[in-house]
Each structure stands twice: as structure tokens, then as C-alpha cells.
Amino acid sequence: MGTDKSAAIFERAKQLIPGGVNSPVRACRSVGTDPVFISRGEGPFIFDADGNRYLDLIGSWGPLILGHAHPEILAVITETMARGTTFGAPTEIEVTFAETLRKAVPSMEMVRAVSSGTEATMSALRLARGFTGRAKIIKADGGYHGHADCLLVAAGSGAATLGIPGSAGVPEGAAADTIVVPYNDLTTVEQALSHGDVAAVIIEPVAGNMGLVAPAPGYLEGLRALCTKHGTVLIFDEVMTGFRVAFGGAQARYNIKPDLTTIGKIIGGGLPAAAFGGRADIMQKLAPLGPVYQAGTLSGNPLAMAAGIKAMEILARPGTYERLEQVGARLGDGLLAAAKAAGIPAVMNRVGSMLTLFFCDSPVTDYQSAKAADTQRFGSFFRGMRDRGVFLPPSQFEAAFVSLAHTDEHIDQIIAAAKASLAS
Ligand SMILES: *Cc1c(COP(=O)(O)O)cnc(C)c1O
């Protein structure tokens, strides 16, 4: 397959954009290759600048649960756009967005829209600190919550793959109040909470940024009980899992009610939108009602709200999550069987339509065990799949996503590509 145009664009990109990319993992460095530049998407497919077609298992890192260029999403954006693209004044569509979100995720009693997951988590933490008057926060090793300074500590995927310990440029003070605990371990959380000075526990209720790691039975219940006991705000970071692992997110799937939720990706329907929300008594501390400041010029952008509302409306249709479960299982089972057939040690972690094939032989339950995976092997698997027309997330520590646009036939093509890649 030709890659001349992509390579030429990459050369231009590197002159101006650090590493040639606007978000580091896209550079494909950890899988030992150069990025391909995408020119368009359609359903389950992306096409690069040279016209090569790939079955896409990234879905823009989660948002595109309906597939690329979904006609109903495009139509609502076009229709909304004709009335103007931004006002910096309130619009009814923001209210409809908040109502739609609260209906799906009832713990979000009040909602504020922002433009990225990073903004959502950063704002939720400030709010939790303002509400409790405490400074410390707890996060999981390998948990990623966007790139705010205080959260860029032991932050998995991008940071882990690049081998950056935290990040340069984060002052010690900004990270000093961040306590890092292993995922799926309650004992360390209990110890950290016992001093009564922790404002919030922020957690991915299904971890997706150290590769996919499901919560162990009792883990989320345990976090809920401990936070209640110590007056600590429990924040579920559902930026990835919201509308992904169930319509109402992981909190619906596992039936746990957090105090605050951060959510993004899917709720923008492919445009930049995210939100945070939760208990009304906490949310009322936000400006202009309360003393915690938070703002955004393009927050609640009408195009993003319209696309998000339409995406949530489509996802609410009957059978959607049954189908996502089915298509996720077909892919997960097929990939694992392909590895077994090739005699390659592998573990499949999957929740609904998000999954990771880890190249290791013991269960992956936290970041420590995820790091046992053979990243060299993952790199050659990635390249083998790409050469056979399948685009995987370019890191062993990122989850793959299946969409409603993937048919059983597409999944079978992916599995056939995996068999061939793993055999060679
Ligand atoms: C993607 C992600 C974020 C950051 O969202 P951005 O929109 O990239 O800023 C935060 N938390 C989780 C769990 C994510 O997966």
C-alpha cells in the first residue's frame, strides 16, 4: 500500500507542529512507526491521504460509537450551523443537552458543559476541593484523567507509553497533594482516607487508559462506602465509559452512584464537548451561585450540543447496547482465539464494546500487571494489522473501541487479519 502522500504531509507537519501531531499518542512512536494522515471516514472505515482504507478500531479514541460521518449527526450539525456557530450567551440547546444527560445519568442532578475531558476533570476537582475545603486527592496508578497538572501523576497510556514520569513542567507543589494508589486495591485507599484530609477520589470506573482493566467485584462499592464514611467526594471519570459500557455509563452498569461525574467523548457526537455534574448541593458551589470559579468561551457550543444530543438520542433506541455487547464479544473472542491458535500468550480484557488484547500470560487487574505485557510484540501486531487494513490504537495501553457501524462481517475481517498478523 502506498504511503507517499502521508509521508510528505508528515514531513511538513514536523516543521511546525511538535512531533507532527496535536496529541502525542497519534505519533505512533510506541509502535515503532510514523503516523498516517487521515483524509476522511465513513461508517467503520477511515481512509488515509494515499487512499488506503482501514477498518477503524480507534473511533477517535471513543467518541465515534455510531461510526464515522453518521448521516443523522451530519444533518443536525448542518441544520444548527445555519443559525450561527457560537454566541457566548445562553441558548436553549444547552438546557436540552443538560436535560438529556440527566435523564440518562440521574446522579448528574446539575450539569455544566465544557469543551474537553481535561476541563471536566480539572473543574470537578476544583469544585470538590472548594466544597470540602480539603486539598488532597486520590487517583489510581495508570488512571488517566486528562492533562491538568495535579492529575498528570502516574497517568498511564500516553505518559506511560512515552516513558515520561508524570511530566516535565509540573511543579512539585501541583502534584504534592495527589496520592496515587493501585487500581482495584481498597486497602491503600482506606489508609489514605483515614487522615480526613482528602477532598476527592477520582477514578475511571472501568479503566481504559492502561489498556482496559475492569473493576474487581466489590471495588466500586468499596470506594463508595469509604468516600461516604470519610466525607470525601467520589468522582467517577466517565469521559470514556459514559454512554460506552451502558447508556447510563459504568455507574448504571455496576449500579453505583458517585457524587460527581465527568463525561466527554461520546456526548459530543464527534465534536468537542464534555461535562461535569452531580449532587446539586456540590454543584451549587460553582460560580455564579457559589465561590468556585469555572468558565469557558466556547462552553456549551451549539454545534457540539446538537451533535451530542443527537448521538444520545440515537443511542437510546432499543437494542443498541445489546448490539454493542454482541459485537464486542465477537471481536474479543475472535482476537483471543487468534492469539491462542498462534501459540502466543494473551489476555483479553473487555467490557461491552471496549477491549484490550494484552500480550502476557497472567490476569491484568492494575497498571503493574498491565506493564508485564510484551509491548514489542504489540508493536509488530499493530504494524501487521495496519498493513492488512485494520487500524488499532497505537499502544498496548489504550483500549480499542467497536462501533454500531461495525457489522459481523467487518469483525470477521478483523479477526482474519489478526490470525495472519499473529502467525507471521
Ligand atoms: C480521554 C479522557 C480524558 C481527557 O479527555 P480530553 O477530551 O482528551 O481532554 C479524561 N478522562 C478519561 C477517563 C479519558 O478517557
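A residue is taken to be near a molecule if one of its heavy atoms lies within 4 Å of it. In this predicted model, the ligand is surrounded on that basis by Ser116, Gly117, Thr118, Tyr144, His145, Gly146, Glu204, Asn209, Asp237, Val239, Met240 and Lys265. The residues of this shell divide into three nonpolar, six polar and three charged.

Asp237, by contrast, has a polar side-chain atom 2.7 Å from a nitrogen atom of the ligand. Of the 380 Å² of accessible area that the ligand has on its own, the protein covers 82%.

Elsewhere in the description of the fold, three strands form an open sheet in the order E11-E12-E14, with antiparallel pairing. Strand E11 (347–351) and strand E14 (400–401) stand at the edges and have a single partner strand each, so that one side of each is left without a neighbour in the sheet. Strand E12, which comprises residues 354–358, is joined to E14 by two bridges, and these two strands run antiparallel; within this pairing, Met354 has Phe401 in E14 as its bridge partner. Helix H12, formed by residues 320–341, lies across E11 and E12, and runs at about 175° to E11.

Notes. Residues are numbered from 1 along each chain as its sequence is written. This is a predicted model: local features need pLDDT of at least 70, side-chain atom pairs count only at pLDDT 80 or more; totals for chains, interfaces and linings use all residues. Side-chain values use heavy atoms; hydrogens and water are left out. Two strands pair if DSSP finds at least two bridges between them. Helices (H or I, at least four residues) and strands (E, at least two) are DSSP runs, numbered from the N terminus. Contact means heavy atoms within 4.5 Å. Axes are lines fitted to C-alpha atoms, for helices over the stretch in contact, and angles run from 0 to 180 degrees between N-to-C directions. A polar contact is a pair of N or O atoms within 3.5 Å; within protein, one must be able to donate a hydrogen and the other to accept it, and residues adjacent in sequence count only if both atoms are side-chain atoms. Accessible areas come from the Shrake-Rupley method with a 1.4 Å probe; for residues, only the protein chains shown count as cover. Ala, Val, Leu, Ile, Met, Phe, Trp, Tyr, Cys and Pro count as nonpolar, Asp, Glu, Lys and Arg as charged, and the others, Gly among them, as polar.
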